[in-house]
Amino acid sequence: MSVQVQGHDQDVLSKLKIRDAMHVDYDAVLSLESGRHGYDYLPALYHRWVDDPAVTLRLAWTEEKVLVAIMVTWTDDSGETIYLKTFRISPDWRGRALSIGLRRLLLTETFKESPKLRTFRTMVDAKAPQLIKRLGLAVKSKFKVETIFLQADAESLAAKLEDLQRPIQSTVSTIKSFKNMDMKRMLADEFASKILPERTVLDDTDPYSFSLPNMKTLEERKCYILVDRSGPAVRSLSVGGIYATSRGTVYYFAIHCKDRQLAKSHVVLQMKHACGKHRGNVTFIVIVTDSSLTEDLASYCKEAMGLKDLPYGGAHELLESRSLVWEEKKI
């Protein structure tokens, strides 16, 4: 892999110390701005990720022991796929060629340590994919998802959900917690290829190749996973999870579905689960894999449920590269 950086910037990069994150780095890492409007997942997940052998948190420090950046990646598909979760950089380093060079530097170190790697993936804001493309990897867009941010008081919402469940009870009653026995029906082409985008399951906006080991991994993380048992093949799946932020509880769930009533049923059941475990204001992040359902689901949540709409949603795009070789170009 060849990276050409302007002379001065190359000197700066060469003096950085790169190492894996430790628990004691927590405060330094959180000093890097997230740009997530106070709904940052990193404070809640940092220590778990440090202890997870599948996750790599790589830090870059100056000679003066000032933290410059963190990159979080993990491997999937038995080590053949690497996923870039987040890259955060000190404000002093933003808007410079150095930031691109630093991303390349941290990824290059990770690529070297993972000889089985074949594929690079990352989810980006669909309005701004150019930063990743400027890295020099030959990336292609695989699919897009929509996110909806909403907020409600858990106790008030719980009462409304009971009323909303009645008219769709025939559909709601077919949706159950995921069990290993569901895999046979989920492997049917009608679900794995036609419902799942690129045979991918989302946990929040994080993509995982659809497989029993990955479904078990999501279960081990205490994700709330629902599937419908209405026919010979599964027609819908939702994966929910929770984390605490400086602005309170966030409950997210990704809906993999093409049927409107099934999708609404998953919304009701996922929110009902969240309200049963939490009090006070809860921020919901709804991830929709079929964009044709987004407007209808957003209206359902705001008008029928009375949830407050937050201005942080939008489209995200999964980018993928099957060639882990940097293009020869200056940055």
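This is a predicted model: local features need pLDDT of at least 70, side-chain atom pairs count only at pLDDT 80 or more; totals for chains, interfaces and linings use all residues.

User: Why is arginine 88 called buried?

Analyst: Arginine 88 has a relative accessible area of 3%. Buried means under 20%, exposed over 50%, and partly exposed in between (1.4 Å probe, protein chains only); arginine 88 is therefore buried. The residue lies in strand β4 (residues 81–89), where strands are DSSP runs of E of at least two residues and helices are runs of H or I of at least four, numbered from the N terminus.

User: What makes the pairing of arginine 88 with threonine 86 a polar contact?

Analyst: The two side chains make this contact at 3.2 Å. The term requires a pair of N or O atoms within 3.5 Å; within protein, one must be able to donate a hydrogen and the other to accept it, and residues adjacent in sequence count only if both atoms are side-chain atoms.

User: Is serine 90 buried or exposed?

Analyst: With a relative accessible area of 12%, serine 90 is buried. Serine 90 is found in the loop between β4 and α4 (97–112). Leaving aside neighbours within four places in sequence, serine 90 is in contact (heavy atoms within 4.5 Å) with Leu32, Leu67 and Val68.

User: How do you know that the buried residues of α3 line one face of the helix?

Analyst: The buried residues of α3 (residues 42–51) are Leu42, Leu45, Tyr46 and Trp49. Seen down the axis, they fall within an arc of 130 degrees, so they line one face; the arc is that of the directions from the helix axis to the C-beta atoms. Their cover includes α2 (26–30), β2 (55–61), β3 (67–76) and β4. Proline 43, also in α3, is partly exposed because its relative accessible area is 28%.

User: What puts the buried residues of α12 on the same side?

Analyst: In α12 (residues 294–304), Thr294, Leu297, Ala298, Tyr300 and Cys301 are buried. They cover an arc of only 160 degrees around the axis, which puts them on the same side of α12. On the other side of α12, Glu295 and Glu303 are exposed.

User: What describes the crossing of α6 and α11?

Analyst: The axes of α6 (residues 154–165) and α11 (residues 260–277) come within 9 Å and cross at roughly 145 degrees. Axes are lines fitted to C-alpha atoms, for helices over the stretch in contact, and angles run from 0 to 180 degrees between N-to-C directions. α6 passes α11 in a left-handed crossing, a term used when the near helix is turned anticlockwise from the far one by less than a right angle.

User: Why is glutamate 198 called partly exposed?

Analyst: Its relative accessible area is 45%, so glutamate 198 is partly exposed. Arginine 199, at 39%, therefore also counts as partly exposed. Phi of glutamate 198 is near 55 degrees, a positive value in a residue other than glycine, and phi of arginine 199 is likewise near 55 degrees.

How values were computed. Residues are numbered from 1 along each chain as its sequence is written. Side-chain values use heavy atoms; hydrogens and water are left out.
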